[in-house]
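Please read the following note with the sequence and the model at hand.

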There are 2 protein chains.
Amino acid sequence: MKIYLAGPDVFLPDAIEIGRRKVAICDRHGVSGLYPLDNTVDLAAADASLAIFKGNEAMMDAADAIIANLTPFRGPSADTGTVYELGYMAGRGRLCLAYSNDPAIYAERVARSFAVTKAGGGNLIDDDGLTVENFGLPDNLMMIHTLDLHGARLVTPRQRPADIWRDLTSFEACVALAADRATGKSD
Amino acid sequence: MKIYLAGPDVFLPDAIEIGRRKVAICDRHGVSGLYPLDNTVDLAAADASLAIFKGNEAMMDAADAIIANLTPFRGPSADTGTVYELGYMAGRGRLCLAYSNDPAIYAERVARSFAVTKAGGGNLIDDDGLTVENFGLPDNLMMIHTLDLHGARLVTPRQRPADIWRDLTSFEACVALAADRATGKSD
């Protein structure tokens, strides 16, 4: 089973090392991890961003599954590049798995960064007057339920780990889930 | 042509009215707009969020195209629910169109809300030490280039409109693009 390893990990200063660790974990579980930075792109070229897109899309097309890192990124929600990729793989009918290293629910996280109040009817609203989704889920319902229906429930730790960007415990739990499915398939 | 109308519009206090306006614009251009709130869901039910997901997924499956509102939402990037849906429709090979009412580029928007500095090598990094994507694009490259390759370039106004959540000029430009494709198809 080939698994596309999506996440804002690619923006870390030690992105290459994190990718190596993730691929090594996949190897230990008998599955194959495809990490976006393994695409060779000349970042100085004028069309670098398009080359990255094409490389990532080709990698996704070659993969049987995705493991998305949905740890909140620059705000209360997951990284949009990663979320796009989760949607893409769901649209292609592939196995969708994901984890987040922040176990808080979405509405709590919004309240950390924005002035949230209760409107008439009990709805939570932010300072722009927009409703804050409040179903007790860890992020937007489209991501959470696609996992429930097209893969497995979002994996989260009981407590936020000390290094939210480098702790791979929940990632490894996703790999184990994928490996189980791969074995189930070949039985 | 049936078009799924994705966006954080559903979180506005006047979400139903915005949906009516969007569907009316589609009608005027001879295409059919499918607005998520047209799904009838009992919000008090225990499985309300799952019912919303299933309704939206069925609507997307029935649509030939998506017009996504990628106006930044609670941070420098688009709403993750909308981004998921854009990815899903791209994965299914449907026509992908989108607009944003904020014409600023992503790196500028990040600098409005976070302490951004230049690291060695000229990379921009945020206060967590993570690289800020800086290709001169309005949002994450996965969204921007999927539009370029699987639809049309992101539509943005020259200037941010006074009411960023209710100005439908760029939305209508997307509808016109979709209508052109629909006509092209039937020729």
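1. Contact means that heavy atoms lie within 4.5 Å. On this basis, 100% of the interface residues of chain A are also interface residues in chain B, so the copies meet through the same surface.

2. This is a predicted model, in which local features need pLDDT of at least 70 and side-chain atom pairs count only at pLDDT 80 or more, while totals for chains, interfaces and linings use all residues. Residues are numbered from 1 along each chain as its sequence is written, and side-chain values use heavy atoms, with hydrogens and water left out.

3. Chain A is superposed on chain B by a rotation of 180 degrees with 0.0 Å of shift along its axis (RMSD 0.0 Å). The two copies are thus related as by a two-fold rotation axis. The superposition is by least squares on the C-alpha atoms of residues with pLDDT of at least 70 in both copies.

4. Helix H5 of chain A (residues 141–150) packs against helix H2 of chain B (residues 48–62) at an angle of about 85 degrees, with the axes 9 Å apart. H5(A) and H2(B) are therefore roughly perpendicular, a term for angles of 65 to 115 degrees. Helices here are DSSP runs (H or I) of at least four residues, and strands (E) of at least two.

5. Among the residues that meet are Leu141(A) and Leu149(A) in H5(A), and Phe53(B) and Met60(B) in H2(B).

Note on methods:
Chains lettered and ligands numbered in written order. Axes fitted to C-alpha atoms, helices over the stretch in contact; angles between N-to-C directions. Parallel < 35°, antiparallel > 145°, perpendicular 65-115°, else oblique.
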